[in-house]
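Me: I have a model open and want to learn how to read its features. Where do I begin?

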Amino acid sequence: ILLDAAGPVAIETVETNGIGVVTPLDQLAPCLAGLFDDPDRHRRLAAQAEIWASRFDWNDKFDKYLALV
């Protein structure tokens with residue numbers, strides 16, 4: 001779940017790749033409820049997110065981030 005205030009790049013990434021849902025803050029509770037009410041949709045989004053995230057070298061990303069801190 002991504003809040004619509006996250007910015008256009010994040011929103012486009014989520015929507016284009018089918019890796020989650022975008023919602024305004026005032027609709028967060030109904031959004032969560034909708035995912036609980038539709039476990040198949042939740043599983044599909046989670047599976048897509050896993051596939052999308054697997055293309056990254058997360059150790060490298062964390063190392064680069066920690067080097068900045």
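Reply: Begin with exposure. A residue is buried under 20% relative accessible area, exposed over 50%, and partly exposed in between. Keep in mind that this is a predicted model. Now apply the cut-offs. K64 has 55% relative accessibility, so K64 counts as exposed.

Me: How does D60 count at 32% relative accessibility?

Reply: D60 falls in the middle class, because 32% makes it partly exposed. D60 and K64 belong together. Their side chains meet in a salt bridge, 3.2 Å from N to O. Both residues lie in helix α4, four residues apart, about one turn of the helix.

Me: How many salt bridges does a search of the whole structure find?

Reply: The search finds two. The general idea is a side-chain nitrogen of Lys or Arg within 4 Å of a carboxyl oxygen of Asp or Glu. Besides the D60 and K64 pair, D40 bridges to R43, with the closest N and O atoms 2.9 Å apart. That pair sits in helix α3, residues 39–53. Its spacing is three residues, again about one turn of the helix. D40 has a relative accessible area of 45%, so D40 is partly exposed.

Me: Back to α4. How many of its 11 residues are buried?

Reply: The count is zero. Helix α4 runs over residues 58–68 and is hardly covered.

Me: Which residue caps the N-terminal end of α4?

Reply: D57 does. To read a cap, look for a side-chain atom reaching the backbone at the helix end. Here a side-chain oxygen of D57 lies 3.3 Å from the backbone nitrogen of N59.

Me: Which residues make the nonpolar surface patch?

Reply: Y65, L66, L68 and V69 make it, with an area of about 530 Å². Y65 lies in helix α4. Y65 is exposed because its relative accessible area is 52%, over the 50% cut-off.

Me: Now the opposite case. Is T23 buried or exposed?

Reply: T23 is buried, because its relative accessible area is 5%, under the 20% limit. Find T23 in strand β2, residues 22–23. Next, ask what surrounds it. Leave aside neighbours within four places in sequence, and T23 is in contact with I1, L2, L3, D4, L28 and C31. The T23 side chain reaches the backbone oxygen of Q27 at 3.5 Å.

Me: Step back to the whole chain. What pattern does the protein follow along the sequence?

Reply: Read it as β-α-β-α-α-α. That comes to four helices and two strands.

Me: What radius of gyration does the protein have?

Reply: The protein has 14 Å, whereas a compact globule of 69 residues would have one near 11 Å. Along the principal axes, the C-alpha trace covers about 40 × 25 × 20 Å.

Me: What share of the 69 residues is buried?

Reply: Buried residues make up 17%. T23 is one of the buried residues. For the surface, the protein exposes about 5,400 Å². Carbon and sulfur atoms supply 59% of that area.

Notes: Residues are numbered from 1 along each chain as its sequence is written. This is a predicted model: local features need pLDDT of at least 70, side-chain atom pairs count only at pLDDT 80 or more; totals for chains, interfaces and linings use all residues. Side-chain values use heavy atoms; hydrogens and water are left out. Buried means under 20% relative accessible area, exposed over 50%, partly exposed in between (1.4 Å probe, protein chains only). A polar contact is a pair of N or O atoms within 3.5 Å; within protein, one must be able to donate a hydrogen and the other to accept it, and residues adjacent in sequence count only if both atoms are side-chain atoms. Patches are made of residues with over 30% relative accessible area and no salt bridge: like charges are joined within 9 Å, nonpolar side chains (Val, Leu, Ile, Met, Phe, Trp, Tyr) within 5 Å. Accessible areas come from the Shrake-Rupley method with a 1.4 Å probe; for residues, only the protein chains shown count as cover. Contact means heavy atoms within 4.5 Å. The radius of gyration is taken over C-alpha atoms; the globule rule is 2.2 Å times the number of residues to the power 0.38.
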